[in-house]
Every structure is written in C-alpha cells, then in structure tokens.
Amino acid sequence: MSASAQHSDRSKLPSSMANLERNNKILLDLVRQPGNNLCADCGVPEPDWASYTLGVFVCLNCSGMHRNLPAVSKVKSIRLDHWDDSLVEFMQERGNSAAKAIFEKCVPAFFYRPQQKDCVVLRDQWIRAKYERREFTEEDNYFLQAYNSDLFESTLWKKGKDNKQFLKRIFLLSRKDFTLRYFIKEDSKVPKAVISMKNLNAVFQPEKIGHAHGLQISYLEDERMRNLFVYHTNGQTVVSFFNAIRATRFAYLLKKHPTLRDNDLIPQITTLCLKEGYMEKTGPTQREPFKKRWFTLCSMNRKLLYFKSPLDATELGAVFIGTEDHGYSVSESSSRGMRGGRWHRGITFETPGRQFVFMCEQEQDQKEWMEAFRKVISQPMTPEDYANEANLRRGK
C-alpha cells in the first residue's frame, strides 16, 4: 500500500469516530427527552435500546421481544452500537410520542397495557398487537370488533376441579347477560357453569399454573371463591381471551356505574392480588395445631382467602379486613406458647369478633404480609365492603 493511501485511511478513522461519538451523543440527548425517557412498551425508565425501523426507544427486556419480529422491528443499543446518520435522523423525526400517536391511536379503555413487572406473554403480545398486527392504528378494525361483539368464544385447556389434568373446554363470553359460560364439549347444549361478571377476576399466573400462558379466573359461587386455571399454547389466543374478559367486565361496570368516568372503572376491571403465599394458621382457641395453608390477599374485595394448596378450586375460608376505626389491626407476634408450629415469624390480626394468628417461614415474608394487611386496613370502606363484611359474619 502506498504512503498516501495509508495516510488517507488514517485520516478517515478520526472522522468516523467523531461521527460515531456525535451520533451516540444525539441519541443519548434524545432518550432523555419527555416521552423517550420511558420504554415505549412497558414504561420502565431510562431505556437504552431503540428500534430504528419503528423509531421507538425501548428497554433491554422489550428489545429482546422486538428481535422476535425481524420483519417489523430491528433494534440497536444506543450506547454500544454504530448508528448511521440516516438512522439517527429517523429517530429524531419519530420518537416515542410520535410512534404512540400511530401505533396506539385507538387502544380501547379496557385493553390491558402491560408494565415491566407483568409476565412475558402479556408484554410480548402487547408488542405484537401494536407493531406486527397493528391492532390500534385504525387500519383494520377486525380485532376491536371481535372484543366488542356480543359473543366471544375461545377454546382453552382447563385444570380439573379435583385433579391435575388439563382438558379442552369451550369458553363463551356474553355481553347480552354479562356472563362467562364454559362447555365440556363443542356440541354441548348445557354449560358446565354460568359465571356472572359481577365478581369475576382474571390474572395471569404462569408460575403457579406451571405454564408460561397460565391464566387464573376467580369468581364467587355460593359466597365462596372459586378458581379456574386455564392456558393455551398460543400466546395470542390466551391474551385475546383475557382482554375479551376485560371488555365484558368493563361493559358490565359501565352499566352498573353509568355516572363514573372510565378512569375510575379501569382499575376495577381486573386486579392483581397484593400478596400470595404459604403461612401457617391455627384455630380460634389458638391451642389447635398449626396447619400450612396457601393464602391470597386482594385489596379489591378486602378478603384474606386461604386454600389447602395453590391450585385448589375452592377456598377453605375467608377473613374480612376492615379499617382500624372498625376494630381491625395487625401486629407482629411470637410463636411462644403455640402448639406445633414449624415457622416462628408471627402475625396477629385482630378483628371485632376474633384474633387470628399466622406464622411465616421467613422474616421477609412476615414483612411483606404485614405491609399488605396495613395497605388494606388503611383504605376506606365502600358500601359494598360493608355488605361483604356482613355476609361473611352471617356465614361464620
């Protein structure tokens, strides 16, 4: 190679490095701007990846899901990768807010928008719905019409009530009477169950169910909580069913509370429990042996439910959690004088009618349960809560 050619190559190097540094600085400035400073898909702060075909800034976790859509989205690190001038210009033109106006133009109020803490299938299908299927751009109303139709049918695998076997069942949501029915066979005329939207809840529970697409449906049956555990191997099918449940619940709530705004109703459509896990429980005299039980605490119905195991179909019992003004309180306790408990991190829960003692295995569990109890106790009670409290007392 001639001396002049070598000199030419060396002179290009600082120039390309300068371009790289300049482009990375532009991207780092862009990602600090309002709208870009949160992941376009899950809302986590300080995203450090971007889709240079969609023009959005995303977090590391969501960037991995974008990689599964190579025909739609291509991603780079805004810190580590080389960016051409044209790609940087596109990111300047687009950005998260402009992309949102396109890809989230008409997201229905009931549609679940996943956050960082949500399970993979919810986040993955949210990204696919926005960018791959373009469900919310108004280009094709097929998906929105399906959610808003009077009937929505889905075939899912459901766990048997008294065994661990999952069997195929047909589920039918109806807006006509705000119900969820399920049938054992496709040609069944009579449903196995008719479930009212009034007290229905649905939440993804992949770890508990043992399937990445596992969904738990809970509802009241004869004043006791009943659980259905379902899944489908296709992520789109099970997430669409979940959002169809939310659409039907939302329609029910709109009819029940015509004067409330959407923003007041949306948190009531489906709710995550505050805390779930094993504790040991003793009986009313506190001289009975401790028994290990699976507990679920939900702020929406102010109940601590307990089951023999996590996948039980029906609760063994429930404890209502009122406010401090009505004689409810929670405190730490010791296991001294208690019979048969293997765990020693105690919680004493006082109600107007009885004192409950629970034991946790770890200090962290005890702390989390105490925080969950206190959160519910601090919330004011609604007229519906007073009715639930009276029903529980009558049932005891």
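Visitor: What are the ground rules here?
Guide: This is a predicted model, where local features need pLDDT of at least 70, side-chain atom pairs count only at pLDDT 80 or more, and totals for chains, interfaces and linings use all residues. Residues are numbered from 1 along each chain as its sequence is written, and side-chain values use heavy atoms, with hydrogens and water left out.

Visitor: Why are α8 and α9 called oblique to each other?
Guide: The axes of α8 (residues 235–256) and α9 (residues 262–269) cross at roughly 130° and come within 10 Å. Axes are lines fitted to C-alpha atoms, for helices over the stretch in contact, and angles run from 0 to 180 degrees between N-to-C directions. Under 35 degrees is roughly parallel, over 145 roughly antiparallel, 65 to 115 roughly perpendicular, and the rest oblique. So α8 and α9 are oblique. The helices themselves are DSSP runs (H or I, at least four residues; strands are E, at least two), numbered from the N terminus.

Visitor: What hand does the crossing of α8 and α9 have?
Guide: Right-handed. That term applies if the near helix is turned clockwise from the far one by less than a right angle; anticlockwise is left-handed.

Visitor: Which residues of α8 and α9 meet?
Guide: On the α8 side, Arg246, Arg249, Phe250, Leu253 and Leu254. On the α9 side, Asp262, Leu265, Ile266, Gln268 and Ile269. Contact means heavy atoms within 4.5 Å. By class, this contact has six nonpolar, one polar and three charged residues. Ala, Val, Leu, Ile, Met, Phe, Trp, Tyr, Cys and Pro count as nonpolar, Asp, Glu, Lys and Arg as charged, and the others, Gly among them, as polar.

Visitor: What makes α5 roughly perpendicular to α8?
Guide: Helix α5 (residues 120–132) packs on α8 at an angle of about 90°, with the axes 10 Å apart. That angle is why α5 counts as roughly perpendicular to α8. Val121, Leu122 and Gln125 of α5 touch Gly235, Gln236, Val239 and Phe242 of α8. This contact has four nonpolar, three polar and no charged residues.

Visitor: How do you know where empty space is left?
Guide: Rolling a probe the size of a water molecule over the atoms shows it. On a 1 Å grid over the protein atoms alone, a cavity is a set of points where a 1.4 Å probe fits but cannot get out. A pocket is an open set with protein on both sides within 12 Å along at least five of seven lines, and lining residues have an atom within 4 Å of a point. Grid points are joined across faces, edges and corners, and a volume is the space filled by probe spheres set on the points.

Visitor: How many cavities of 30 Å³ or more does the structure hold?
Guide: Two. β10 (224–231) gives the largest share, four residues. The lining divides into four nonpolar, two polar and four charged residues.

Visitor: What lines the second largest cavity?
Guide: Among the lining residues are Tyr147, Asp150, Phe152, Arg175 and Thr248. This cavity holds about 40 Å³ of space. By class, its lining has six nonpolar, three polar and two charged residues.

Visitor: Which residues are closest to the centre of the largest pocket?
Guide: Of the 45 lining residues, Asn199, Met300, Asn301, Glu384 and Asn388. About 1,100 Å³ of space lies in this pocket. The largest share of its lining, six residues, comes from α11. The lining has 18 nonpolar, 17 polar and ten charged residues.

Visitor: Which residues lie nearest the centre of the second largest pocket?
Guide: Tyr112, Lys117, Asp118, Val203 and Leu272, out of 24 lining residues. The volume of the second largest pocket is about 730 Å³. Its lining divides into twelve nonpolar, five polar and seven charged residues.
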